[in-house]
Amino acid sequence: MNQQKNGIGMLIFQLREQENITEEELSAGLCSLGEFRKIEMEGKVIEKTLLDALLGRMGRAADNFSIVLEKEQYRLYELQNQIREAYFIKDFKLWEKRMEELKEKISEENRCDYQFYCKMKFLVNMYFGKDLNKNFGEMEKELIEIIKITIPQFVIERVFEYYLCPEEIGLCCVLAALYLKYEERNKAKLLLENLIACIEKRYKGTEEKVRVYPQVAMLLFQIYDVKTENQKWVFLCKNTIDLLAENGVLILMEKLLQYYKMGLEEKVKRGQRKFTKLEELIYQNVSYGLDSIREVNLEYGIFYDVREIVVLQNEYDEVYLLQEMILDYRKRTNKRQSQLGEAIGVEPETVSRYEHGKKKPSWKKYQILAEEIGMPQDRYGVCLPVENYILYERIRQVERFLFRQEAVNAEQLYLEIEPLIPKERPENKQYCMRTKALLDYFLHGLTGEEKLYRLETAIRFTFPSYCAESDDFLKSHIPNRYEAVLLNNIGACYAELNQKETANRIFRAVLNAYKESEIREEYHLATVTLTRVNYIKCLGMLGNYNEALEEIEKALRMNLQFGKGNMIPYLLYEKGWTLWKKEGSFLTEEKRNACMKYYQQAYWISGFMNNFILQQKLEELYKKDFHTELI
């Protein structure tokens with residue numbers, strides 16, 4: 001049976017077997033058992049929201065993957081995100097318009113999309129009084145019926161037993177918020193503590209857990225008493241902060257640090273004693289971290305309340321359009337529509353309709369097309385760098401070690417998994433060559449020139465027309481996640497070798513490729529931010545301070561809005577350094593203090609985000625640039 005599967009069907013099957021979940025348990029409420037079996041056996045195309053829900057119920061975050069969507073599916077995905085955003089900013093005219101558009105595109109049979117529509121409609125009624133005639137009992141009944149669209153057996157006493165995806169957990173949080181609004185605190189507490197138990201049981205990876213645990217915790221803080229339940233309070237604070245920090249997520253961090261500070265103060269007060277040295281150090285770090293994140297959030301107008309917590313989305317999926325991938329392939333290979341049509345067995349007019357999103361390839365034609373242009377074999381599928389999901393998870397861990405400059409840990413794990421990586425696929429060969437080059441450079445004395453040669457050899461495995469000397473080498477091509485990271489490595493290498501103009505050209509080309517796409521930049525948040533940080537450094541080295549500051553503001557606003565915090569300290573440092581360099585000998589005391597403030601914010605935020613290598617470096621840079629101690 002397993003040998004018949006490939007792509008998304010194999011992925012779902014492998015994860016289900018790994019988690020020991022039956023077909024009935026996983027599909028219950030989301031789709032019929034027959035439909036689910038067809039999906040697993042690759043006999044049916046899976047819609048994106050259903051894919052997200054199935055992965056979510058197995059404790060896997062869909063934003064780990066790069067998703068290829070056809071135009072119609074992308075519009076549906078984008079529409080739901082626009083509805084969330086209109087809700088956040090209270091633009092009800094836009095919200096109503098988008099909700100009407102969504103209503104026309106979905107049906108009750110598509111349970112995930114229909115449930116989302118019902119949830120957003122209910123939230124506006126609940127928080128903004130669109131239906132003032134309903135009492136608590138009616139609202140509770142209505143919301144439970146919405147939950148039962150995908151969880152038919154739902155009762156709050158048994159929530160800890162269920163397999164719940166993030167959207168379903170979000171709906172349960174809406175119910176808990178309703179209970180809190182109407183002073184049904186016992187019901188809210190039972191539901192939320194059962195949700196915590198469910199998450200602890202089902203969500204084993206921190207990347208997946210961080211999408212659901214914090215919003216449940218934030219609601220629990222409205223129930224727990226900091227005095228009488230101090231141990232629970234402090235434990236929940238620390239757990240949630242550590243989870244956010246490990247995954248580089250900044251959303252809700254300000255409120256959590258505030259709660260943690262309150263908990264520590266009450267703990268000492270109740271014990272009628274002073275802080276121990278360790279407690280004093282923790283309290284100081286929390287206090288300075290809280291002040292720093294408050295200053296940043298205030299400057300950029302970032303605030304969240306309870307009504308927003310229940311629909312927060314930490315990070316958007318990385319999305320690519322099928323039509324753009326086809327056009328990219330044709331332009332890179334200099335093929336006409338007639339030539340591609342001949343290769344896949346369709347008329348040139350059909351290729352044109354594919355490229356304009358006016359026609360979907362059939363399942364059979366999609367498979368032929370995917371083989372021809374070198375993209376995932378599954379429609380709306382996942383671009384995995386390897387065929388084995390467990391291996392893929394470990395590759396992601398290597399990347400996290402490299403990002404934090406923990407090269408020894410990265411090499412140890414890489415040496416374990418390298419023999420298991422199939423080398424037949426170009427992207428796998430690319431990954432291995434790139435990772436080995438970085439590790440050899442950091443740990444084994446590889447020269448910068450040799451590192452650059454290996455990295456440029458690696459990029460040509462998937463992008464043969466790469467040329468660092470060309471301004472438009474990425475014209476029509478949107479790099480995938482690994483290509484974008486590799487191009488950043490190459491650009492950084494050129495900068496280290498003092499070839500700043502070439503580095504600048506590479507970073508600018510990557511950013512322009514994303515800008516020219518129909519897909520929003522937010523759907524490539526991690527790689528766009530990484531590229532912007534490197535581009536900003538390069539602009540600073542070239543003395544283009546005004547342009548650098550413009551890019552810093554774009555990156556900071558986007559990352560604060562969408563909650564990714566792992567690059568915030570780098571951006572704050574670059575902001576302080578760029579302002580300092582721009583002013584030069586005209587630096588006033590007021591502007592000097594502003595520059596110092598950004599260094600300090602970067603230092604304390606990197607501390608509570610557990611990036612201690614960067615924190616130490618920032619302390620050294622602060623002393624070097626301002627001739628005083630940071631602490």
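Modeller: Gladly. Helices here are DSSP runs of at least four residues, numbered from the N terminus, and K90 sits in the loop between α5 and α6. Bear in mind that this is a predicted model.

Colleague: Why is K90 called partly exposed?

Modeller: The relative accessible area of K90 is 46%. Buried needs under 20% and exposed needs over 50%, so 46% puts K90 in between, as partly exposed.

Colleague: What makes the phi of K90 worth a remark?

Modeller: Most residues other than glycine have a negative phi. K90 is not a glycine, yet its phi is positive, at about 60°. Q405 is another case, with a positive phi near 60° in a residue other than glycine. Q405 lies in the loop between α21 (389–403) and α22 (407–417). With a relative accessible area of 48%, Q405 is partly exposed.

Colleague: Which residues of α3 are buried?

Modeller: In helix α3 (residues 33–40), they are F36, I39 and E40.

Colleague: How do you know on which side of α3 they lie?

Modeller: They cover an arc of only 95° around the axis, so they are on the same side of α3.

Colleague: What makes K48 count as buried?

Modeller: Its relative accessibility is 3%. The cut-off for buried is under 20%, so K48 counts as buried. K48 is found in helix α4, and its side chain is joined to that of D52 by a polar contact of 2.6 Å.

Colleague: Why is the pair K48 and D52 called a polar contact?

Modeller: The label calls for N or O atoms within 3.5 Å, one able to donate a hydrogen and the other to accept it. At 2.6 Å, the pair formed by K48 and D52 falls within that limit, so the label applies. Leaving aside neighbours within four places in sequence, K48 is also in contact with I67, L69, Q73, Y77 and D317.

Colleague: Where is W95, and why is it called buried?

Modeller: W95 is found in helix α6 (residues 92–105). Not counting residues up to four places away in sequence, W95 touches I83, A86, Y87, M120, K121 and V124. The C-alpha atoms of W95 and E85 are separated by 8.5 Å, with the two residues 10 apart along the chain.

Colleague: What makes N534 buried?

Modeller: N534, in helix α27 (residues 525–541), has a relative accessible area of 14%. That is under 20%, so N534 is buried. Beyond its neighbours within four places in sequence, N534 is in contact with N488 and F507.

Colleague: How many cavities are there, and how much space lies in the largest?

Modeller: The structure holds 5 cavities of 30 Å³ or more, and about 520 Å³ of space lies in the largest cavity. Of the 31 residues lining the largest cavity, the closest to its centre are D52, R84, E167, R211 and Q313. Two or more lining residues come from each of α4 (48–57), α5 (71–88), α7 (111–128) and α9 (166–181). The largest share, 6 residues, is from α5.

Colleague: What is the lining of the largest cavity by class?

Modeller: By class, that lining has 12 nonpolar, 10 polar and 9 charged residues.

Key. Residues numbered from 1 in each chain as written. Predicted model: local features only at pLDDT ≥ 70, side-chain atom pairs only at ≥ 80, totals over all residues. Heavy atoms only, no water. Buried < 20%, exposed > 50% of the residue type's maximum accessible area, 1.4 Å probe, protein only. Arc of directions from axis to C-beta. 1 Å grid on protein atoms, 1.4 Å probe; cavity = no way out; pocket = protein on both sides within 12 Å on 5 of 7 lines; lining within 4 Å. Points joined across faces, edges and corners; volume = space filled by probe spheres on them. Nonpolar A, V, L, I, M, F, W, Y, C, P; charged D, E, K, R; others polar. Contact = heavy atoms within 4.5 Å.
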